[in-house]
Amino acid sequence: MNLDWNVVWQHRGALAEGAEVTVLLTLLTMAIAIPGGVLLALMRLSKSRLLSGASAAFVELFRNLPLILVVYWAYYVMPVLSGLEFSAFTTGLIALSLNVSAYNSETFRAGIASIRQGQTEAALSLGMSQFQAMRQIVFPQAASRILPVLASTWVSLFKDTSLVSVIAVGDLAYNAMQVRAQTYRVLEMLTAMAAIYWVMGYPQAKLVDWLHRKYGISE
Amino acid sequence: MEFDFSPLLESWQFLLGGLGVTLLLALLTVLGSLLLGTLIGLARCYGPAWLRWPLVFYIDSMRAIPVLVVLVWTYFALPILTGITFPPFWAALVALTLHIAAYVAEIVRAGVQSIRPGQFRAALALGMSWRQTITEIVLPQAVVRMLPAFASILSITIKDTAIAAVIAVPEYMQRSQTLAGQSYRPIEVFSVAMLVYFLVLFPTTRLVDAIYARVAHLGRS
Amino acid sequence: MTPSGRKGGDTAPVLTYRNVRKLFGQFVALNDVSMQVNRGEVVCLIGPSGSGKSTLLRCTNALTRIDGGEVRFDGEPLPPDEQRMRKIRQRMGMVFQNFELFPHKTVLANVTSGPLTVLRMRPEDARRRAEALLDKVGLADKAAAYPANLSGGQQQRVAIARALAMEPEVMLFDEPTSALDPETIGEVLNVMKKLAEEGMTMIVVTHEMTFARRVAHWVVVFERGGIIEQGPPAQIFDAPQVDRTRDFLGHLGWSG
C-alpha cells in the first residue's frame, strides 16, 4: 500500500470549488424549500379540498420516493416536458427543492397543529380573525417547535446534495471522484472527500443538537 | 413525443430481480442496524466511560457524512486499506448498516434518556440490579417511545438502497439505469421506477403512521 | 317562574336560545334547549359532565356552530359568516377552564392583545386600560411577568382581565375554577363575585355550588343535552322541583 497524500493538496482547488457548490446548493435549496413548504402547509390547512388534497398528494409522493431517483427522473424528464434546456445544477436544484419542500411542509403543518386548539379559541373569543390568531398567537409558538426540526432537515439536505453528483453537477462528491478517476489515488481522495464532508457536517450536527436542547418541548 | 414501454415489458424479470435485491438489502440492513444500533446506543448510555467517546464520535460522524460517501468509501477505499475485497452487495450492506446504525443509536439514546430518573431510583430502591432495572423497567417503556422512530428506519433504508446503484449493486435503481441506457428510453424506465418505489414505500410509510398513531399515547408520561 | 320576576326581566334579554340543537356525529350534545339570559343577570349552568353546558356556552359565541334552532344576541340571530360574527365576539368575553393565556407574551401583553389587535387602540390607551384591569384583579405587580411564572389562580385572573379589556357586554365563564388548586379557587371566585356586583351579565358553567347559590340570579340545570330544571338559586338548591336535580345535587354532597 503506497499512499500519496500530496494528491489531495495538489487538487485542493477542485475540492474547494466542489465544497462551494455543495454549500451553494444547500443554501439555494433551503431558500426555495422554506417558502415552498409554507405554501404547501397553508394549502394543506386550507378549507378547499382541492388545495388540501393536492398538497397532501405532493407530500405523499416525495415522502415515498428515493431522492436519487427523483434526481435522475428530473434530469431526463424535465427537458422533454418543458422543451427547455436545464443545466445539471438547475435540475439538481429543482429535484432537491421539490423533495425538501415536501418535508418542510410536514414540519410546518405538524408544528402548527401542535399548538392547542384552545389558544386559537381564546384569540377568536377576543374578536381576532383567523388570520390574526394565526399570525400573533399560533405562528410564534409553532416557530420554536419548528426551528430544531428545520435545522435537522438542513443537515440532511447538506448530505443529500451529494446525490446530484450522479448527474455530473460539480459538487464536492463529484469533484473528489473525478480527481480519483484522474489520479487513481482512490484511498486518498475518497478519504479526503469524507473528511471534508465531516469537517463541514459535524459542526452543523452539533448546532442542531444545541437547537434541540434550547427549544426542547417543555409543556 | 411518443412513449415506448416495450423495453420494460421485455425485461420485466430483470427488473423484478432488481426489486428482489432492493428488498433483501433493505431487510438485512434494517436487521443489522437495529441490532448494532441498539447495542451502540445502550453502550453509549450505560457503558464504561472510555467507550463513550469513540462511540459518540462514530455516531456524530455518520450524521455528518452522506450515505453516498460511506458507500463509495467502503467499496473502493476499504479494500485498499484492508486488502479484503467486498462484492458490491456486501459492501453496500456494511456501509448502509454502519450509517443507519448511528441513527438507531441516537433513537435508543433519546428513548432511554426520556425515562424519568425517578423510575431508576424506584427500581434500585426495590433492590434491583442495574441490569434488571434496564431490562425490566427502562427498556420496555423506552421501546414504546422509540417504536415510531424505528418504524421509519425501514422506509429510510429502502430509499437509501437506491443509492447503492452508484457502486453497481444490482438493485432496482441500478437495473433501471442499465435498462434506460440500453433501450434509450429513460423517461419510461425511470417513470416506472418511480411508480415501483412508490408502491413499495407508500404502504411502508402508512404502516409507520399507523403504528405511530396507535402507540404514541403509550409513551407519553 | 315568570320571566319578568327575574333580574333584568323588564328589559329585552341579551341572549335568547330557542330550540338549540348540536350534534357531534351521532352524539346529541344539545337537544332542543331553550332559555334566556337578561341584562345584568348572573346565570349559572350546572349539571353532570357531558350534559351540554360547555357546548351551549361555546355556541353562544359561535366557537361551535349550532345544527338547529336559534341563538339571538341583543335581539339579532348570530350571523353565519365569520366576519360579522367577529364583531359580535368583541362584545362578549370568554374565560376558559385552562386559562389559555398566550405563553409567549407577558401578562400585560396578554391583556392588551385584544385592544391592540382587534380594537386598534393606541398603545398608550391600551396599556392604561390593561394596567387598570390588572389592578382590579389584584395583579398590578405582575404586569411584566410571563404566564409560566404565575400560579393557576393568578393566570385565571389575568385571563379575566384580558377578556374584560374588550369591555364586553356579556362574560362567558367555562368552568373557570375546575383546573385550579383549592387554595387559589377563592381568589378567582372573588373577582367573579365583584364583577357580578358591578352588574356584569355573566353566564358561568361551574361545579362550585356555593358560588352558584350565593352569586347567581338564575340557575339552569342540564342533563344529557337538555334542561331539566331552571329557576332562582333558592329554588334549585333548597327546594328543587325535579327529582333528577335532587339526585345530582345529592351526588355532589350538597347539603345546603
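Student: Let's start with a specific pair. What do the side chains of D60(B) and K206(A) do?
Tutor: The side chains of D60(B) and K206(A) meet in a salt bridge, at 2.8 Å from N to O. A salt bridge here is a side-chain nitrogen of Lys or Arg within 4 Å of a carboxyl oxygen of Asp or Glu. Before we go on, this is a predicted model, where local features need pLDDT of at least 70 and side-chain atom pairs count only at pLDDT 80 or more, while totals for chains, interfaces and linings use all residues. Residues are numbered from 1 along each chain as its sequence is written, chains are lettered from A and ligands numbered from 1 in the order in which they are written, and side-chain values use heavy atoms, with hydrogens and water left out.

Student: Good to know. How many salt bridges does the rule find across the interface of chain A and chain B?
Tutor: The rule finds three there.

Student: And how many residues are in contact between those two chains?
Tutor: On the chain A side 39 residues touch 38 residues of chain B, with contact meaning heavy atoms within 4.5 Å. The area buried between them is about 3,600 Å², and carbon and sulfur atoms give 74% of that. Buried area is the accessible area (1.4 Å probe) that two parts lose on being put together, summed over both.

Student: Which residues of chain A lose the most area to chain B?
Tutor: N64(A), L69(A) and K159(A), which together account for 17% of what that side buries.

Student: Now chain C against chain A. What is the buried area there?
Tutor: About 1,800 Å², with 57% from carbon and sulfur atoms. In chain C, the residues that lose the most area to chain A are E100(C), F102(C) and T117(C), together 29% of what that side buries. By contacts, 24 residues of chain C meet 17 residues of chain A.

Student: How many salt bridges between chain C and chain A?
Tutor: The count is two. In a salt bridge between these chains, the side chains of E121(A) and R58(C) meet at 2.9 Å, N to O.

Student: Switching topic: what is the strand order of the open sheet in chain C?
Tutor: The four strands run 2-1-4-5, with antiparallel pairing. Strand 2 (27-37) and strand 5 (76-77) of chain C are at the edges with a single partner strand each, so one side of each has no neighbour in the sheet. Strands are DSSP runs of E with at least two residues, helices are runs of H or I with at least four, and both are numbered from the N terminus. Two strands pair if DSSP finds at least two bridges between them.

Student: How many bridges join strand 1 and strand 4 of chain C?
Tutor: Five, between residues 15-24 and residues 68-73, in the antiparallel sense. As an example to click on, L15(C) has F73(C) in strand 4 as its bridge partner.

Student: What about chain B, how many helices and strands?
Tutor: Chain B has nine helices and zero strands. Its C-alpha trace spans about 75 × 45 × 25 Å along the principal axes. Of the 221 residues in chain B, 50% are buried, where buried means under 20% relative accessible area, exposed over 50% and partly exposed in between (1.4 Å probe, protein chains only).

Student: Last one: is I34(A) buried or partly exposed?
Tutor: I34(A) is partly exposed, at 32% relative accessible area. I34(A) lies in helix 2 of chain A.
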